[in-house]
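Take a look at the chain below.

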Amino acid sequence: MATDRAVAADQTVGSAKAIVAALAVTQTVGYGTLYYAFAVFLIPLARDLNTSTTAVTGSFTASVLASAALAVPVGRWLDRHGGRALMTTGSATGALLLVAWSQVHSLGQLYAVQIGIGIASAACLYEAAFAVIIAWHTPKQRSSALLALTVVAGFASSIFLPLTGWLVDRYDWRTTLIVLAIINALLTVPLHATVLRPSPRPHAEEAKSQEHILPVRLRAVLADRGFWLLTLSFTAHTAAVAAVAVHLVAALISWGHPPGFAATVAGLFGILSVTGRLVTTGLQRRFRTATVVACIFALQGVAVATLAAVGHEAIPAVAAVIGFGLGFGVGSIAKPMLLAERYDVRRYATIAGVMVVPMTIAKAAAPLAVAALHTATGGYARPFLAVAATCAVAAVALARVSRGR
């Protein structure tokens with residue numbers, strides 16, 4: 001009997017490792033083809049469709065909002081049925097929509113395709129992957145599993161932005177989309193279909209540790225003040241990261257730096273996001289996760305405020321970008337860990353879906369708000385100070401959650 005239990009445990013561990021490895025690949029490819037590649041297509045799309053880059057960018061915003069609209073239904077499905085069917089369907093649909101994108105000839109068609117991609121992304125990208133990871137791992141294993149997944153997927157932009165740019169230069173954007181669709185279909189669909197399996201039941205140690213935590217009913221979670229503090233924190237942080245990611249290059253150029261310098265400095269975010277995740281995972285083994293992440297959010301606020309003050313000087317600007325960049329990818333691993341620590345994981349995906357809605361809206365709206373503030377003030381100093389204040393809100397809200405626990 002003991003031998004049978006040991007064999008079953010070994011099989012579970014092996015399956016969990018295989019799932020992490022598979023999702024690391026599918027998230028890298030999925031984000032690279034369905035999300036990051038859009039930036040490379042922006043100018044050629046606007047030119048060939050005879051429209052403005054602003055109008056084309058609006059289709060991307062529509063995609064993000066469509067993904068937010070599906071967050072809660074997708075979460076409920078994941079909690080009830082697991083990720084295999086949903087993520088396989090989402091990745092297959094995403095590949096087909098990349099092919100459809102290659103055939104668009106009007107702005108309306110582009111918006112329709114991008115909305116479809118947003119729906120497919122909700123089914124097969126990070127939030128769905130996080131739900132699978134949470135379900136398959138014990139509390140002690142989750143931080144390492146989430147770290148492994150996000151570290152690998154963190155290089156999606158580093159891989160697919162240059163690849164997409166090279167393909168567009170060598171061929172054209174339509175052919176490039178066909179190539180990306182083939183890559184997506186070959187690497188994501190089979191892995192989701194063959195590796196993902198129904199998760200094991202919650203482990204005994206977790207069931208015991210969560211006896212004092214809020215019951216599984218969603219109504220009780222929504223009545224918890226801590227949930228709304230977490231939501232406020234991660235929504236504010238998402239807004240800050242989105243605003244800086246979109247406007248950093250333009251801000252550095254406006255402060256007198258060459259475009260090449262500005263682009264190179266902004267490119268540090270990919271490496272720094274991985275570094276920040278490693279630091280966070282290491283520190284949370286000794287300190288409360290919420291405390292560690294609140295300190296990182298506060299550091300980001302100081303860094304972006306410093307950037308607003310001394311952004312015209314090269315070395316201080318780079319130092320400030322490094323300080324902000326260390327928290328660039330922290331939210332993606334902190335949110336699932338904190339939700340899993342606080343609530344019953346059998347409803348993790350639904351709870352996360354509720355939180356994702358305002359986060360995604362903030363992600364879409366924050367860059368537009370900074371652009372409007374830049375136009376109104378004639379510079380980037382005040383908009384970046386507003387971002388610093390947003391980071392402070394994120395840090396304080398999370399610190400209050402930490403004290404409450």
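A residue counts as buried when its relative accessible area is under 20%, as exposed when that area is over 50%, and as partly exposed in between. The model is predicted. By this cut-off K335, at 2% relative accessibility, is buried. Its partner in a salt bridge is E127, with 2.9 Å from N to O. K335 belongs to helix α18 (residues 330–342) and E127 to helix α7 (residues 126–136), so the pair ties together parts that are 208 residues apart in sequence. E127 has a relative accessibility of 28% and therefore counts as partly exposed.

Helix α18 also holds R342, which pairs with D224 in the loop between α12 (218–222) and α13 (225–254), so parts 118 residues apart in sequence are tied together. The closest N and O atoms of this salt bridge, D224 to R342, are 2.9 Å apart. D224 is buried, with a relative accessible area of 14%, and R342 is buried with a value of 14%.

In total the structure holds three salt bridges. One of them joins D48 and R47, whose closest N and O atoms are 3.4 Å apart. R47 is exposed at 56%, and D48 is partly exposed at 41%. Side chains of opposite charge can pair when their charged atoms come close. Over the whole chain there are 29 positive and 14 negative charges, and the mean positions of the two sets lie 5 Å apart.

The loop between α2 (38–48) and α3 (53–69) contains N50. What is the phi of N50 near? The value is near 55°, which is positive in a residue other than glycine. Most residues other than glycine have a negative phi. N50 is exposed, with 72% relative accessibility.

Now the chain as a whole. It has 20 helices and zero strands. Its radius of gyration is 21 Å, close to the 22 Å that the globule rule gives for 405 residues, so the chain is as compact as a globular protein of that length. The C-alpha trace spans about 70 × 45 × 35 Å along its principal axes.

Of the 405 residues, 51% are buried. Among contacts between residues at least 6 apart in sequence, 82% join residues at least 24 apart. The accessible surface of the chain is about 17,500 Å², and carbon and sulfur atoms account for 66% of this surface.

Note on methods
Residues numbered from 1 in each chain as written. Predicted model: local features only at pLDDT ≥ 70, side-chain atom pairs only at ≥ 80, totals over all residues. Heavy atoms only, no water. Helix = DSSP H or I, 4+ residues; strand = E, 2+ residues; numbered from the N terminus. Rg over C-alpha atoms; globule rule 2.2 N^0.38 Å. Buried < 20%, exposed > 50% of the residue type's maximum accessible area, 1.4 Å probe, protein only. Contact = heavy atoms within 4.5 Å. Areas by Shrake-Rupley, 256 points an atom, 1.4 Å probe, with all protein chains shown as cover. Lys, Arg positive; Asp, Glu negative; His and termini not counted. Charge placed at Lys NZ, Arg CZ, Asp CG, Glu CD. Salt bridge = Lys/Arg side-chain N within 4 Å of Asp/Glu carboxyl O.
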